[in-house]
Amino acid sequence: MTQWQLLQGDVLLGELSEYGCDQPFFLARFMPGPGWESVRPLFEALAALRGPDPDGSRTVAVVKPLRDLDLTLVPVGGGRSLLQVFKDCSLRIDGSEARLRY
């Protein structure tokens with residue numbers, strides 16, 4: 001399974017290790033990196049988002065600040081292209097668990 005580094009520029013926010021699949025998502029273990037605390041509240045807000053959102057406004061309010069960070073997922077060891085988070089893929093991190101769709 002693929003391993004990824006979650007980066008904001010050159011800052012390592014964490015690492016994801018895929019371990020399974022729950023279509024359409026890849027499941028991964030998340031290990032925080034040195035820059036994680038600066039973005040943790042934004043990912044926690046996304047993880048807490050539940051229930052109906054008919055016009056999508058609640059989702060946009062939570063995802064936009066994350067999208068504006070220009071985060072990238074870089075595969076460890078190559079073999080895949082890097083992904084722009086919330087542009088090329090969606091990513092939810094909830095504690096030590098992550099769900100990735102690309």
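Predicted model: local features only at pLDDT ≥ 70, side-chain atom pairs only at ≥ 80, totals over all residues.
**Overall fold**

The chain contains two helices and seven strands, and along the sequence these elements follow the pattern β-β-β-α-α-β-β-β-β. The radius of gyration is 13 Å, close to the 13 Å that the globule rule gives for 102 residues, so the chain is as compact as a globular protein of that length. Taken along the principal axes, the C-alpha atoms fill a box of roughly 40 × 30 × 20 Å. Of the 102 residues, 36% are buried, and the accessible surface of the chain comes to about 5,900 Å², with 54% of that area belonging to carbon and sulfur atoms. Among the contacts with a separation of 6 or more, 45% are made by residues 24 or more positions apart.

**The sheet and helix 1**

The seven strands form an open sheet in the order 5-4-1-2-3-7-6, and their pairing is antiparallel. Its edges are strand 5 (83–84) and strand 6 (90–94), each of which pairs on one side only. Helix 1 (residues 40–48) packs on this sheet, where it touches strand 1 (3–8), strand 4 (71–75) and strand 6, and the direction of the helix makes about 95 degrees with that of strand 6. Within the sheet, strand 3 (residues 25–32) and strand 7 (residues 97–101) pair in the antiparallel sense over four bridges, and Ala28 stands opposite Ala98 in strand 7.

**Cysteines and Leu12**

A search of the whole structure finds zero disulfides.

| Residue | Relative accessibility | Class |
|---|---|---|
| Cys21 | 42% | partly exposed |
| Cys89 | 6% | buried |
| Leu12 | 23% | partly exposed |

Leu12 lies in strand 2 (residues 11–22). Leaving aside its neighbours within four places in sequence, Leu12 is in contact with Gln5, Leu6 and Leu7, and also with Gly33, Pro34, Gly35 and Trp36. Ser90, by contrast, stands 78 residues from Leu12 along the chain, and the C-alpha atoms of these two residues are separated by 18 Å.

Definitions and conventions:
Residues numbered from 1 in each chain as written. Heavy atoms only, no water. Buried < 20%, exposed > 50% of the residue type's maximum accessible area, 1.4 Å probe, protein only. Contact = heavy atoms within 4.5 Å. Pairing = 2+ DSSP bridges. Axes fitted to C-alpha atoms, helices over the stretch in contact; angles between N-to-C directions. Disulfide = S-S within 2.5 Å. Rg over C-alpha atoms; globule rule 2.2 N^0.38 Å. Areas by Shrake-Rupley, 256 points an atom, 1.4 Å probe, with all protein chains shown as cover.
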